[in-house]
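Reader: I am new to this structure and would like to go through it slowly. Could you show it to me before I begin with my questions?

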Number of protein chains: 2
Amino acid sequence: MTSTDPHGGGTQTQQRRPTRQRRAVAAALAGFDDFRSAQEIHDLISRQGDSVGLATVYRTLSSLAEAGEVDMLRNEDGEAIWRSCSDTHHHHLVCRTCGATVEVEGPAVERWTNAIAAEHGYADLSHTLEIFGTCPTCR
Amino acid sequence: MTSTDPHGGGTQTQQRRPTRQRRAVAAALAGFDDFRSAQEIHDLISRQGDSVGLATVYRTLSSLAEAGEVDMLRNEDGEAIWRSCSDTHHHHLVCRTCGATVEVEGPAVERWTNAIAAEHGYADLSHTLEIFGTCPTCR
DNA sequence: AGCAATGTTGAGAACCATTGTCAAACTGCG
DNA sequence: CGCAGTTTGACAATGGTTCTCAACATTGCT
Ligand SMILES: [Zn+2]
Ligand SMILES: [Zn+2]
Ligand SMILES: [Zn+2]
Ligand SMILES: [Zn+2]
């Protein structure tokens, strides 16, 4: 490799430049506290006067997700939905109607998934766990 | 609510006619013990000499899923994948590489999800829980 | 400021899994 | 056989997501 990487620590694989577009996506995410599709996020940005290409919204959301700054999951139609979340491992309780989301943690569940996987000799684990329902408001 | 169909005859909402195509899909499913996409299932049917339209494969898989005779979940790309499963509620431990699948049950997890949801006043619940990893063979 | 190197953007095309269309073929039941 | 309702399949249409690539922005350097 030829990377120079001045003063940085080791292999700075990618520098995330602060652009107007990325700030707009971050701002839009901050405006929601529930899961939204890329389209909805794109729409909100437009409605706020800013203009960001849809492809850029997708790119930004993906890289934020990889960086662990947003959570991405799929609704029942398989569409990706996104939400800025706390950075610790957690799961979600999501309202099927309005999207209202509660972050939940379950140490016992984490232990259980690991135990089950180990028991069957599976390694390099990951898991998905989401609860869907109708929130008190939507009833 | 308006649901009729008291266990027996009532409003037989749909009669599943045994056609050559539906038998072919069922046979293909029986030939796998791991999750496969509709395309893969369609391919296997073709390779076996049978010929079933892709749309029919989708239709059959969907109705089987609704009937609870197959499980459908989404891989990390959001594509639907299907597998014939036991008819009791369970989750899956899936090999990310070869697809090898283990059905797992966790009464404690079921209780936990219900408790969490109730605690926040959510009703009409459902949940997804899948564990992904690398199976012993694939290591 | 000027400049070169490299990362970023966006309009639109391309992808591709999934669903819709609808006339033709099939099934269950007399 | 003949009818009524169901199912099928070739193909079009959807729609979310990714790709393309030339124009543009940012960074680092002089
Ligand atoms: Zn709600
Ligand atoms: Zn977890
Ligand atoms: Zn494997
Ligand atoms: Zn469960």
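Reader: What is the area buried between chain B and chain A, and what part of it do carbon and sulfur atoms give?

Author: This is a predicted model, in which local features need pLDDT of at least 70, side-chain atom pairs count only at pLDDT 80 or more, totals for chains, interfaces and linings use all residues, and side-chain values use heavy atoms, with hydrogens and water left out. Residues are numbered from 1 along each chain as its sequence is written, while chains are lettered from A and ligands numbered from 1 in the order in which they are written. Buried area is the accessible area (1.4 Å probe) that two parts lose on being put together, summed over both. For chain B and chain A this comes to about 3100 Å², of which carbon and sulfur atoms give 62%.

Reader: Which residue of chain A meets the side chain of R96(B) in a salt bridge?

Author: A salt bridge here is a side-chain nitrogen of Lys or Arg within 4 Å of a carboxyl oxygen of Asp or Glu, and across the interface of chain B and chain A the rule finds 2 of them. In the salt bridge of R96(B), the distance from N to O is 3.3 Å, and the partner is D124(A).

Reader: What is the phi of D124(A), and is this residue buried or exposed?

Author: Most residues other than glycine have a negative phi, and most peptide bonds are trans. D124(A), placed in strand β6 of chain A, has a positive phi of about 55° although it is not a glycine; strands (E, at least two residues) and helices (H or I, at least four) are DSSP runs, numbered from the N terminus. Buried means under 20% relative accessible area, exposed over 50%, and partly exposed in between (1.4 Å probe, protein chains only). With a relative accessible area of 55%, D124(A) is exposed.

Reader: Which arrangement do the 4 donor atoms make around the zinc ion (ligand 1)?

Author: Donors are N, O and S atoms within 2.8 Å of the metal (3.2 Å for Na, K and Ca), and water is not among the atoms, so sites may look incomplete. The protein donors of this zinc ion (ligand 1) are the SG atoms of C95(A), C98(A), C135(A) and C138(A), at 2.2 to 2.4 Å from it. Four donors count as tetrahedral if all angles lie between 85 and 135 degrees. Because the angles around the zinc ion (ligand 1) are 105 to 113°, the arrangement is tetrahedral.

Reader: How many residues apart in sequence are the parts that C95(A) and C138(A) tie together?

Author: The donors of the zinc ion (ligand 1) follow the spacing C-x2-C-x36-C-x2-C along the chain. C95(A) lies in strand β4 (residues 91–95) of chain A and C138(A) in the segment after β6 (123–134) of chain A, so the pair ties together parts that are 43 residues apart in sequence.

Reader: In chain B, how many bridges join β2(B) to β3(B)?

Author: Strand β3 (residues 80–84) of chain B is mostly covered, as 4 of its 5 residues are buried. It is joined to strand β1 (residues 36–37) of chain B by 2 bridges, in the antiparallel sense. Strand β2 (residues 70–74) of chain B also runs antiparallel to β3(B), and the number of bridges joining them is 5.

How values were computed
Four donors count as tetrahedral if all angles lie between 85 and 135 degrees; four count as square planar and six as octahedral if opposite donors are over 155 degrees apart and all others between 65 and 115; anything else is irregular. Two strands pair if DSSP finds at least two bridges between them.
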